[in-house]
Amino acid sequence: NPNEQKRAAQSRSITLQETADLYLQSNKPRAAKTIKGFRDAMRLHLKDWLATPLAEITRKMIYERHRRIVKISGPYAANATMRAFRAAYNRAMRQHEELPPNPTVNVDWFPEYRRDASISAEQLAAWHKDIQALPNPMRRDFYLYILFTGLRRKSAAEIRWEHIDLDKGTLLIPNPKGGTKRTFVLPLSDFLIEVLQRRLVENKKLTPDSPWVFPADKSKTGHIAEPKLKPAHKANMAVPFSVHGLRHTWVTAANAAGLSSYDIKMLTNHMLPKGDVSA
């Protein structure tokens, strides 16, 4: 059958670059961070394969490349690269059914562990004391804001004054992880309103024209972009922490306070379980 032969030839000729482009053209909403991670995997670790037909990338090649990446960039980068390849290959298989099975079945995945531990209840007082000793008041409020909202650091950094209603005590998150279809409104506690009122007063003195709650003059975006502590400040912390670890701390506290799993998932913008009628 000449038509089947033509389709088979097309399937054998589609390259990794064409497959990556096909994956990125999907209508599925993806966060900018996800797209960047995919592009980085292709550019940094699979660049020499981009012109190679998918059908010529064997299971052995995948296994050896995974092992090579770990020596250069570590296990997390190696796994992430193989996940990017797997996703692109699966997308190509939907269009080219003659392709052989996905060669990532031969990947021996490296174990991954959560690196952002929450702060224990016993450590919070000492952590708060350290935070209050930081010289930058905007940074102090930024860390407190994440701890008391459970927001992802990107969502917290991008808060604009137009998203806040101090009278109603609400904050609009217009573009969370997952895109605008997952926009939600976060209720604010009295403590958080106090933090915002303090920022409103101080920002008017220092950055009166900035639309951001947490502005940064040296940042290209105009708002805080790198929330990690400087090494000098980090060395003085009695309780080490990561910014995402503050989000974990919020989840732990919310669970201890008796919030339902549905409430916690909604407030942290986690996906509700599919197929769950109650959800």
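Helix α11, covering residues 243-256, contains 14 residues and reaches 21 Å from its first C-alpha to its last, which is close to the 20 Å expected at 1.5 Å a residue. The secondary structure of the chain comes to 12 helices and 3 strands.

- Just after α11, Gly258 adopts a positive phi of about 95°.

- Phe38, Asp40, Ala41, Met42 and His45 are the buried residues of α3, and the cover over them includes α2 (16-24), α4 and α5 (75-95).

**Thr15 in the loop between α1 and α2**

- Thr15 is found in the loop between α1 and α2, and it counts as buried because its relative accessibility is 15%, where the cut-off is under 20%.
- Leaving aside neighbours within four places in sequence, Thr15 is in contact with Leu50, Ala51, Thr52, Pro53 and Leu54.
- The C-alpha atom of Thr15 is separated by 9.2 Å from that of Glu56, a residue 41 places away along the chain.

**The chain as a whole**

- The C-alpha trace spans about 75 × 40 × 40 Å along its principal axes, and 39% of the 279 residues count as buried.
- Among contacts between residues at least 6 apart in sequence, 61% join residues at least 24 apart.
- The chain exposes about 16,900 Å², of which carbon and sulfur atoms supply 53%.
- There are 45 positive and 27 negative side chains, and the centres of these two sets lie 4 Å apart.

**Confidence**

- Confidence is lowest in helix α1 (residues 2-13), at a mean of 64, and highest in helix α4 (residues 59-73), at 96.
- Where pLDDT is low, the predicted coordinates should not be read in detail.

Conventions
Residues are numbered from 1 along each chain as its sequence is written. This is a predicted model: local features need pLDDT of at least 70, side-chain atom pairs count only at pLDDT 80 or more; totals for chains, interfaces and linings use all residues. Side-chain values use heavy atoms; hydrogens and water are left out. Helices (H or I, at least four residues) and strands (E, at least two) are DSSP runs, numbered from the N terminus. Buried means under 20% relative accessible area, exposed over 50%, partly exposed in between (1.4 Å probe, protein chains only). Contact means heavy atoms within 4.5 Å. Accessible areas come from the Shrake-Rupley method with a 1.4 Å probe; for residues, only the protein chains shown count as cover. Lys and Arg count as positive and Asp and Glu as negative; His and the chain ends are not counted. The place of a charge is taken as NZ of Lys, CZ of Arg, CG of Asp or CD of Glu. pLDDT is the predictor's confidence in each residue, from 0 to 100. The expected span of a helix is 1.5 Å times one less than its number of residues.
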